[in-house]
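Please look over the structure below before reading on.

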Amino acid sequence: MSVVLWLLAVLGAIGAFDTLYYHEWRARLPAQGPLATPELRLHAARDLFYAVLFGTLPWLAWHGRGVLVLAAVIVIEIILTLWDFVVEIAARKPLGDVYAGERVTHAFMGIVYGAMVAWLIPVMWRWWSLPTRLVAERPDVPAPLISLLLLMAAGVFLSGVRDFYATLGLPYGNWPWPKSGHPH
């Protein structure tokens, strides 16, 4: 499980970079208005599933049928990611397209996510044979890694709330960017 958590931390770091640099700074998606709404809503939904992964895997084991719930979280996140790739085409047209570096970042995220899932499958297989329940189980990893992952869970959850709020057109949903959404 320790490799899973280290990979999850790497994924979180790359994802934070992608969100802060490409989605916020370069594309300024929350300020793009209705054109970015479908992409931001997908980001908000994905962020909820990521928050579950970052918030539970460092300290909870999904025993028995709980594995099915965890597997559903993973599969739904993958489906939302694939859907996001399609939606980005329309949402990013005014910007010229998804930035080249962002595509590379997404590729690295996919590789790390796949590696994390590959290391998680044997753990899930072991959990499947146990009685169904969520069990407090602290993997043998440094405490700062656990803290970092829980901080990432909060961060990705708040990022999702921010993206969803921006889609509603509510006051300051575009903050700190002007509503015109002029990208850099």
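Predicted model: local features only at pLDDT ≥ 70, side-chain atom pairs only at ≥ 80, totals over all residues.

Residues are numbered from 1 along each chain as its sequence is written, and side-chain values use heavy atoms, with hydrogens and water left out.

**Helix packing**

Helices (H or I, at least four residues) are DSSP runs, numbered from the N terminus. Axes are lines fitted to C-alpha atoms over the stretch in contact, and angles run from 0 to 180 degrees between N-to-C directions.

| Pair | Angle | Axis separation |
|---|---|---|
| α1 and α2 | about 155° | 12 Å |
| α3 and α4 | about 165° | 11 Å |
| α1 and α5 | about 35° | 10 Å |

Start with α1 (residues 2-26) and α2 (residues 37-56), which pack at an angle of about 155°. That angle makes α1 roughly antiparallel to α2 (over 145 degrees counts as roughly antiparallel). α1 passes α2 in a left-handed crossing, where the near helix is turned anticlockwise from the far one by less than a right angle. L8, L11, G12 and H23 of α1 make the contact with H43, Y50, L53 and F54 of α2; contact means heavy atoms within 4.5 Å. By class, this contact has 5 nonpolar, 3 polar and no charged residues. Here Ala, Val, Leu, Ile, Met, Phe, Trp, Tyr, Cys and Pro count as nonpolar, Asp, Glu, Lys and Arg as charged, and the others, Gly among them, as polar.

α3 and α4 are also left-handed in their crossing, and their angle of about 165° therefore makes them roughly antiparallel to each other. On the α3 side, the contact includes V67, L68, I74 and F85, and on the α4 side it includes Y113, L120, W127 and W128. The contact of α3 with α4 has 13 nonpolar, 1 polar and 3 charged residues.

α1 also packs against α5, at about 35°. This crossing is left-handed too. Among the residues that meet are L5, W6, G12 and T19 in α1 and L145, M152, R162 and D163 in α5. The contact of α1 with α5 divides into 10 nonpolar, 3 polar and 3 charged residues.

**The largest pocket**

The largest pocket has a volume of about 710 Å³. A pocket is an open set of points on a 1 Å grid over the protein atoms alone, where a 1.4 Å probe fits, with protein on both sides within 12 Å along at least five of seven lines; lining residues have an atom within 4 Å of a point. The volume is the space filled by probe spheres set on the points, which are joined across faces, edges and corners.

Its lining has 32 residues, and G15, T19, D47, Y50 and M109 lie nearest the centre. α1, α2, α3 (66-91), α4 (100-128) and α5 (143-167) each supply at least two lining residues. α1 gives the most, with 9 residues. By class, the lining has 13 nonpolar, 10 polar and 9 charged residues.

**Backbone details**

D97 lies in the loop between α3 and α4. D97 has a positive phi of about 150°, although it is not a glycine. P176 lies in the segment after α5. The peptide bond from W175 to P176 is cis, with omega near 5°.

Conventions
Parallel < 35°, antiparallel > 145°, perpendicular 65-115°, else oblique.
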